[in-house]
Amino acid sequence: STAIKCFIVCIFLNSLIPAVSILILAIASILLAIIFFHIPNKLFLFTLFSFCTSEMFSGSLFGLEFDISATTQGMSTISSICILSLFIIIVIKKVFSSKINVIYIEHSNPIIRCIILFTITQFLATILSVDISLSLNKFYSLIQHLLWFYVCIVFLHKIKVIELVNFVGGIAIICGTFYIYNFLILGQPYQDDANIVVLLPFLINIIWSNKLKIFSNIYFIFIGVSIFLVDSRRMLIALIIYYNNFLYRYFLKKSNYFLIISGITLLLFLLKDNSSANSPDIRIFGTIDILLKYVSGQELDNSDKYNLFTKRNILAAIGFNLFLESPIFGTGLGMNSILAGQVYFGDFTTNRFRIHNLYLEILAESGVLGFISYFMIIIVSLLAMYRSMKIKNIESTFITASVILFDVIIAMSIIAIFGSRGPYSKLTWFIFAFTYFISIKSSKHSTISH
């Protein structure tokens, strides 16, 4: 119900609030902090909803028409005002209230250590950049994301885990409705920049009664079909990861799991054979056909090579060459799109061209030091969630949250090869904050048990 209320508010606000000046942003943030001073948890949930749905307000929904170009700026402005208001509330309560419990960051935690190391590498890449002013702007955005990371940690201590899991699961239901309505009912394309991928594990693991749980699982299947029709490789990979992990945990007898997976694989091949003739434009089926030809030893014609080695492969080569120009510290934050544009369009172009591969972008901008430090955040986060899943006699909601975060981080890490969501995405930092919170709670419980 809270997610639905946030959705209704955003419908009215997203197109009404355009880009605003810093002064108006500050005034609006102060006013909002005053309004929500005694109920900041609700403001935090609304802020989280804004970040999860920033690209959602496009397409159609039961007579409502949304224009993504007009609404994204509004959602961005709303979220900026909210996060500044939350920080103002935290500072005021810390300074003027002796009753408030200050939330300290445990610097000995491996996740925090890796984040600090990553921040240092980004700072080094900034001061050594070929364009310091440009890199400073991007580094400033990283500071904003770290601020959001701390805000998340503060409110994670105030909100019950079950409430947060169900809230984000509710957001997934709303986002999924856009996919189902546009694809399965209207038969028209729809995209939310793959934000739904981060939300799906919250839906499939939503903490409801058994009757409602059946609904969430059925709804998850309908969303999965809709995502399949998007014809996005990264979204399909994430979907396969979630289904696989869910089935693996569901079957206590693992032989049943392998039988189910074999059946699903056979069904997909049958669907591929039937759909390839009727829907030759679906890239996923085309890629499978080309790979099968390659594996079987058949010679690929020019059309096959073009479809298999697409523009993203060219971008990968450009990204690797940019990395080789400054392999240790990188060329500087924000430089990959400019330098890639010069390689792709010519030295005197003003066009920017993203590499569409998070790891190559990090390598190009902050070198091998930045890449290793970010990869370490992912590894220690996965290890922390894996350990949390194995702790006995801990509250079941913490185990559920650990399972969700484990799946999300794996999917985000793999599909980052096809996109750039990562350390400069607020959704990513919410996931890292939630992971850190679960890890310290699990660690304390484990220590007490021993």
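Visitor: In which helix is Thr 47 found?

Guide: In this predicted model, Thr 47 belongs to helix H3, which covers residues 40-52.

Visitor: Why does Thr 47 count as buried?

Guide: Buried means under 20% relative accessible area. Thr 47 has 0% relative accessibility, and therefore it counts as buried.

Visitor: With which residues is Thr 47 in contact, leaving aside its neighbours within four places in sequence?

Guide: Thr 47 is then in contact with Ser 79, Cys 82, Ile 83, Leu 86 and Trp 148.

Visitor: Which residues touch the most other members of the largest nonpolar core?

Guide: Trp 148 is one of them, together with Phe 430 and Phe 434, in a core of 112 residues. Helix H7 (residues 161-185) gives the most to this core, with 14 residues. Another core, of seven residues, lies apart from it and includes Ile 318 and Ile 355.

Visitor: What makes the pair of Glu 365 and Lys 138 a salt bridge?

Guide: The rule asks for a side-chain nitrogen of Lys or Arg within 4 Å of a carboxyl oxygen of Asp or Glu. The closest N and O atoms of Glu 365 and Lys 138 are 2.9 Å apart, so the pair is a salt bridge. Glu 365 lies in helix H16 (residues 358-390) and Lys 138 in helix H6 (residues 132-156), 227 residues apart. By this rule the count comes to one salt bridge.

Definitions and conventions: Residues are numbered from 1 along each chain as its sequence is written. This is a predicted model: local features need pLDDT of at least 70, side-chain atom pairs count only at pLDDT 80 or more; totals for chains, interfaces and linings use all residues. Side-chain values use heavy atoms; hydrogens and water are left out. A nonpolar core is a set of buried Ala, Val, Leu, Ile, Met, Phe, Trp, Tyr and Cys residues joined through side-chain atoms within 4.5 Å. Buried means under 20% relative accessible area, exposed over 50%, partly exposed in between (1.4 Å probe, protein chains only). Helices (H or I, at least four residues) and strands (E, at least two) are DSSP runs, numbered from the N terminus. Contact means heavy atoms within 4.5 Å.
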